[in-house]
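Colleague: I have a model open and would like to learn how to read its packing. Where do I start?

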Amino acid sequence: MGQALYRTYRSKKLSEIVGQEHITDALSRALQKGTVSHAYLFTGPRGVGKTSIARILAHEINGLPYQSDATNLDIIEIDAASNRRIDEIRDLRDKVHIAPTSAKYKVYIIDEVHMLTKEAFNALLKTLEEPPAHVVFILATTEAHKLPETIISRTQRFAFKPVDPPKVISHLKYIAGQEKITIDDDALALIAAHGEGSFRDSISLLDQIRNTGDKVTLADVQAVLGIAPKELIEQLLDALANHDPVSTAGLLQKIHHQGHEPAQIARQIGTELRQQLLDGAATLPSDQLLVLLAKLIEIPASADPRSLLEIALLDTALAAPGVQGTPQQKTTQVSKVMHESVRTKPEVQVEPHPSTFHKTEQKASAAPKGPPEKPPAAASDTSAAGGDKPITPNTNIPIDQSIWPDILAAIKQRHNTLYSIVRATRPNFEPGIITLECGYAFHQKRLNETRNKQVLSELITQVTGQDIQLQCVVGEALGPDEAISLPPALPPATNEVVHTVQKTPAAGPVKQLDPTVATISNIFGGAEVLES
């Protein structure tokens, strides 16, 4: 079995350490002058050389050559994550007084020291304060903020930093040459960027992709990391800059279908936006940009990163100049629309307009007084007003595009929620068949539900007078200028009790949705948008 590359190319001398010169130079001078401290604390991110330097220092203090596969009884490594209890530290405290067996100093390397318990820290404290002359402690941690100040104050602290990308790329290129790995410069740059300044992570990734082909390309690295193509991220940023929620939603659906992780997409978008800030080429207003960056940071740790990513990007796409409401209010509106559209509870039949809804079996005394009753209007007047008059089948009408507005009107009268989804589809007519082309998979799934498909089929039969087969497929999304807009239906002029979904005032003018929120409603399905 071969050895991992990061172990094969682990540094053996302080002079071989790359990217931590501010530390290696200071330690080298201390060794030359004989001013070695009794306790060191190495802090910093993972994979930047803390443990390697600790081992090298332990050997050079004792004048011993460092071989990674060799052991020395006077150099003791302790994993604090596995030996964090007070009993282990008491055992260490008792043994530090024993003289070294062959070396000049007994060196204790305690890795991930922040994992020690409070009692263990207290037991270690006295030893750190007054250690025997033959003992040196080297503590290493990635989370220095978890250490007690009493421990930190008794050590010489060295803060490690992420390695600069050019140095990582140069080192990776050297390793690739030694291992005869043919790899593109762009691929090396992506590996270094993904490593985020960690040599170990970068070298491990190089080790992983070395067998993907005779020549490792940028596409190979992207496939291994699950990174979306840069062109797709650029299209998404363009849609945000143009305040185009429809294109934004379509690109998010495409990203989901291609299997890219929302957390990774959030990181890519955040990286591009930060680079735009550095280059002075930001395409979003500064207030929107900062709000979006803050939301993108939260996505990887979210319990539902996909939904949070959708809401964050759609809110930014809706934040166009002239759109009413604060960003927070618009985010609330979008969230409510999306939340209502994905609920899986059975549909409830409602009247055409939300503002006319009343509770079932509402008492007549509690209902607002309406206008004086008028004589019954003619049938043509009822139709013009959008009333819920019976639909008369006509077996002579052709089954083509000309009948589509009548079908939509019938759906709107009987089932407002389904209407908001169907109106966003593209109908295709064949003899005996109507195929609804949905722009989004969740629209197709919703329309193919047994209850919804049965309702649609019955309404189409009533309008056309023919037994039509209904099919729903996923295809190209309907453009904003292609959608058919019907006039809003008025409430029925009767005292009939109707079923309700939400309780809203019956009086007052009908309030229209914000156009931008209406666009989202077309994409994700209809729902009532409540006031913030």
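Modeller: Start with the term nonpolar core: a set of buried Ala, Val, Leu, Ile, Met, Phe, Trp, Tyr and Cys residues joined through side-chain atoms within 4.5 Å. Keep in mind that this is a predicted model.

Colleague: How many residues does the largest nonpolar core have?

Modeller: The largest nonpolar core has 24 residues, and I265, I269, L273, L292, L296, L309 and L313 have the most contacts inside it. Two or more residues each come from helix 11 (230–241), helix 12 (245–257), helix 13 (262–279), helix 14 (286–298) and helix 15 (305–318). Helix 11 gives the most, with six residues.

Colleague: Which residues is L309 in contact with, leaving aside its neighbours within four places in sequence?

Modeller: L309 touches L252, P262, I265, A266, L296 and I299.

Colleague: Are helix 14 and helix 15 roughly parallel or roughly antiparallel?

Modeller: Angles over 145 degrees count as roughly antiparallel. The axes of helix 14 and helix 15 come within 10 Å and cross at roughly 175°, which makes helix 14 roughly antiparallel to helix 15. The contact between helix 14 and helix 15 has six nonpolar, two polar and three charged residues.

Colleague: Now the sheet. In what order do the strands lie?

Modeller: Strands of a sheet pair through backbone hydrogen bonds, either parallel or antiparallel. Here five strands form an open sheet in the order 2-3-4-1-5, with parallel pairing. Strand 2 (75–79) and strand 5 (156–159) are the edge strands, each pairing on one side only. Strand 3 (residues 106–111) pairs with strand 4 (residues 135–141) over six bridges, and I109 stands opposite I138 in strand 4.

How values were computed. Residues numbered from 1 in each chain as written. Predicted model: local features only at pLDDT ≥ 70, side-chain atom pairs only at ≥ 80, totals over all residues. Heavy atoms only, no water. Buried < 20%, exposed > 50% of the residue type's maximum accessible area, 1.4 Å probe, protein only. Helix = DSSP H or I, 4+ residues; strand = E, 2+ residues; numbered from the N terminus. Contact = heavy atoms within 4.5 Å. Axes fitted to C-alpha atoms, helices over the stretch in contact; angles between N-to-C directions. Parallel < 35°, antiparallel > 145°, perpendicular 65-115°, else oblique. Nonpolar A, V, L, I, M, F, W, Y, C, P; charged D, E, K, R; others polar. Pairing = 2+ DSSP bridges.
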